[in-house]
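Good morning, and thank you for coming.

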Amino acid sequence: MPAQVVLGAQWGDEGKGKLVDQLAQDSDWVARFQGGNNAGHTIVLGDQVLKLHQLPSGLTNPNCQLVLGAGMVVDPWVLEEELDRWKESSNETPEGERLWISERAHVNLPFHRLYDGADKKIGTTGRGIGPTYRDKIERVGVRFCDLKHRREDPNWLTENSARMTSQLEAHGVEGEISAADLKESLDWVEDRFGAAIKPTGLMLDLALRQGQNVLLEGAQGSLLDIDHGTYPFVTSSVTSRANATHGAGIHPGQVGEVYGVVKAYTTRVGHGPFPSELFDEVGAYMGEMGHEFGTTTGRPRRCGWLDLVVLRHSHRLNGFTQLTLTKLDVLGGLDELEVVVGYDLDGQHLSEMPACAEDQARVTCITEKVAGFAHMDTSEWLELARRANSEGVGYSALPQGAREYVEKVEAWLGIPITSVGVGPDRDATVFKV
Ligand code: IMP
């Protein structure tokens with residue numbers, strides 16, 4: 001059975017966690033394949049709210065094996081905090097039992113976090129993601145399989161602690177890293193997580209060959225992709241389908257379904273162009289009703305209309321086999337909705353995203369208006385979703401305007417929308433019939 005992939009189709013924060021959490025209930029394995037603790041997935045389980053930054057969302061299924069793949073940068077200190085919180089609520093310690101870290105994943109060290117904390121240009125999450133990937137590309141990074149050698153190598157420790165200190169200084173960041181500090185960090189990581197470090201690509205390949213269910217969980221979104229996103233205001237990894245298998249250590253032919261997760265409107269955190277951004281009360285309404293604050297940094301997210309140019313770009317890169325539309329309930333209460341169908345750049349009509357950040361910032365949006373639908377409480381939407389699914393009536397249970405919105409987006413993009421999120425609860429999803 002081929003692996004399934006879940007990807008964000010916009011600028012991240014589309015609500016992937018909820019879908020992955022649902023799919024993970026039937027998965028034997030859930031693997032992350034890129035990024036690090038810059039991601040933030042919120043899972044609501046009744047009264048319990050779980051915020052995961054690094055652990056795969058499959059955590060909540062006790063029978064699911066969890067992988068932090070080779071394409072990731074893993075901060076072991078943040079991982080420990082997340083595992084501590086999980087232990088408090090579940091009494092489980094999955095590391096070395098069902099949580100596996102790829103031996104090829106890179107270690108996000110305190111140095112990387114310090115360095116990234118000084119970023120003012122991109123509006124990064126400050127977690128050290130870019131600097132860890134930079135060290136990887138420069139071939140000076142530390143992978144989990146390297147820990148045992150590096151910590152015993154005084155020359156390596158001296159040279160690299162000096163490199164880190166001088167880079168901090170050149171970047172205007174206070175802080176000195178001694179060879180002893182660096183050794184202490186590597187010792188701690190190896191001692192704490194050594195039992196969980198494994199050849200996870202081999203494990204996933206074997207699982208697939210044995211017919212097990214494997215889910216590859218994306219982080220961030222297509223427009224934050226280092227190659228195809230709104231560069232330079234992007235993250236440092238390839239967020240698309242092509243890297244789902246590569247970053248997990250298996251091959252592209254091993255993938256079946258590719259779920260694109262699309263928020264019913266658009267949000268972005270951090271700096272950078274955002275053509276459909278709204279600076280008026282409608283944008284503020286989306287932010288308020290959608291509780292649009294970054295899971296990782298708490299920053300308010302910028303909000304705007306759904307943008308089909310963004311989604312076409314994303315679909316070309318990822319070849320989604322189906323879409324999940326999330327947070328449709330948030331749009332309830334707006335009299336009229338707009339959807340971006342193209343851009344205007346100096347009088348020229350564009351149906352595709354320009355590559356250059358300056359052009360992305362200058363385009364104006366061409367929109368189509370569609371009727372809105374009334375506001376309903378979270379509990380009313382939850383009730384509606386439960387009824388729609390139990391009676392098997394699908395989208396016909398949605399208010400007329402909401403249903404028409406879903407059908408129009410589906411027709412515009414030509415990709416089936418197989419479920420629609422109408423609230424944060426796990427059950428607040430209406431499935432297509
Ligand atoms: P970095 O990934 O921390 O280097 O940040 C680079 C850009 O990606 C910034 O604009 C961040 O706000 C954005 N970003 C990183 N991770 C996420 C995410 O999970 N959701 C939304 N935006 C993100």
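Which residues in α6 meet which residues in α7? Trp156, Leu157, Thr158, Asn160, Ser161 and Met164 in α6 meet Ala179, Leu182, Lys183 and Leu186 in α7, where contact means heavy atoms within 4.5 Å. By class, this contact of α6 with α7 has 6 nonpolar, 3 polar and 1 charged residues. Here Ala, Val, Leu, Ile, Met, Phe, Trp, Tyr, Cys and Pro count as nonpolar, Asp, Glu, Lys and Arg as charged, and the others, Gly among them, as polar.

Before I continue, a word on the basis of all this. The model is predicted, with local features needing pLDDT of at least 70 and side-chain atom pairs counting only at pLDDT 80 or more, while totals for chains, interfaces and linings use all residues. Residues are numbered from 1 along each chain as its sequence is written, and side-chain values use heavy atoms, with hydrogens and water left out. Helices (H or I, at least four residues) and strands (E, at least two) are DSSP runs, numbered from the N terminus.

Two packed helices are described by the angle between their axes and the distance between the axes. Axes are lines fitted to C-alpha atoms, for helices over the stretch in contact, and angles run from 0 to 180 degrees between N-to-C directions. The axes of α6 (residues 154–170) and α7 come within 8 Å and cross at roughly 105°. The helices α6 and α7 are therefore roughly perpendicular to each other, a term for angles of 65 to 115 degrees; under 35 is roughly parallel, over 145 roughly antiparallel and the rest oblique.

Helix α7 (residues 179–193) has another partner, α2 (residues 76–90): their axes come within 10 Å and cross at roughly 40°. That makes α2 oblique to α7. Pro76, Trp77, Leu79, Glu80 and Leu83 in α2 meet Ser185, Trp188, Val189, Arg192 and Phe193 in α7.

Let us turn to the ligand. It is surrounded by 16 residues, the closest being Asp13, Asn38, Thr125, Thr235 and Arg299; a residue is near if one of its heavy atoms lies within 4 Å. A polar side-chain atom of Asp13 lies 3.0 Å from a ligand nitrogen atom. Asp13 is in the loop between β1 (3–8) and α1 (16–24), and has a positive phi of about 60° although it is not a glycine.

Technical notes:
Polar contact = N/O pair within 3.5 Å; in protein donor to acceptor, adjacent residues only side chain to side chain.
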